[in-house]
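My notes follow in the order I took them.

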Protein chains: 2
Amino acid sequence: MLIVAGKGYVEPEHRHALLAGLEASVREARAEPGCLDYVVAADPVEPGRVNVYERWVSEDHLAAHLATMARPGRPTPAVLGMEIARYEISGSQPVQM
Amino acid sequence: MLIVAGKGYVEPEHRHALLAGLEASVREARAEPGCLDYVVAADPVEPGRVNVYERWVSEDHLAAHLATMARPGRPTPAVLGMEIARYEISGSQPVQM
């Protein structure tokens with residue numbers, strides 16, 4: 001299992017339109033094989049920040065997803081900066097809040 | 001390093017007020033020792049879903065954070081359901097998008 005997570009920055013005034021344009025992609029990704037979770041969403045504190053959180057069953061599932069992302073003509077948003085990483089998971093446990 | 005992530009569900013009409021009430025806590029958590037990231041935010045697709053993503057340097061830092069969360073009189077939101085887990089990280093690499 002692996003997690004892809006982090007943040008990107010866009011002009012605050014462009015964030016709403018960017019995320020509205022990505023909503024269909026989020027729905028599609030959540031339905032993809034091996035996708036355990038997939039979020040691209042507005043940060044609640046910083047106005048220009050977009051948070052990314054993805055969880056995949058395996059490397060292969062993530063690679064298949066990335067191949068769909070590389071479709072020609074797919075709009076690539078104007079991103080000012082990005083800090084995203086992949087995390088290999090060695091163990092997990094449910095949390096009771 | 002560890003990640004705490006997942007989702008909770010609230011009544012959609014209560015989500016905005018809930019998240020507005022948590023904004024200060026998100027800011028505080030981000031400033032806490034060992035906190036590498038901390039997000040509690042609205043899901044972009046499901047109206048009643050709240051996403052949680054936290055990344056901590058160590059177990060001890062997370063425990064110290066949880067101790068601050070357990071303050072008496074701290075409002076605990078009416079949550080309909082929750083699926084949150086802790087993930088031990090065995091390795092990580094930056095992702096170039």
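I started with the sheet. I found an open sheet of eight strands with antiparallel pairing, in the order E2(A)-E3(A)-E1(A)-E4(A)-E4(B)-E1(B)-E3(B)-E2(B). Strands here are DSSP runs of E with at least two residues, helices are runs of H or I with at least four, and both are numbered from the N terminus. Two strands pair if DSSP finds at least two bridges between them. The edge strands are E2 (35-42) of chain A and E2 of chain B, and each pairs on one side only.

A note on provenance. This is a predicted model, where local features need pLDDT of at least 70 and side-chain atom pairs count only at pLDDT 80 or more, while totals for chains, interfaces and linings use all residues. Residues are numbered from 1 along each chain as its sequence is written, chains are lettered from A and ligands numbered from 1 in the order written, and side-chain values use heavy atoms, with hydrogens and water left out.

Next, chain A by itself. I counted two helices and four strands. From the N terminus on, they run β-α-β-β-α-β. The C-alpha trace of chain A spans about 40 × 35 × 20 Å along its principal axes.

I then checked the pairings inside chain A. E2(A) runs antiparallel to E3 (residues 49-56) of chain A, joined by seven bridges. There I noted Cys35(A) opposite Trp56(A) in E3(A). E1(A) and E4(A) are also antiparallel, over eight bridges. Ala5(A) has Ala85(A) in E4(A) as its bridge partner.

What lies across the strands of chain A? Helix H2 (residues 59-69) of chain A lies across E1 (2-9), E2, E3 and E4 of that chain, at about 135° to E3(A). For such angles, axes are lines fitted to C-alpha atoms, for helices over the stretch in contact, and angles run from 0 to 180 degrees between N-to-C directions. In chain B, helix H2 (residues 59-69) lies across E1, E2, E3 and E4 of chain B, at about 135° to E3(B).

E4 (residues 81-95) of chain A pairs with E4(B) in the antiparallel sense over eleven bridges. Ile89(A) stands opposite Ile89(B). Tyr87(A) stands opposite Ser92(B).

How many residues does each chain bring to the contact? Chain B gives 34 residues and chain A gives 34 residues, with contact meaning heavy atoms within 4.5 Å. The chains bury about 3,000 Å² between them, 59% of it on carbon and sulfur atoms. That area is the accessible area (1.4 Å probe) lost on putting the two parts together, summed over both.

Last, the charged pairs. I count six salt bridges between chain B and chain A, each a side-chain nitrogen of Lys or Arg within 4 Å of a carboxyl oxygen of Asp or Glu. One of them joins Arg30(A) to Asp43(B), with the closest N and O atoms 2.5 Å apart. On the side of chain B that touches chain A, E4(B) gives the most, with 13 residues.
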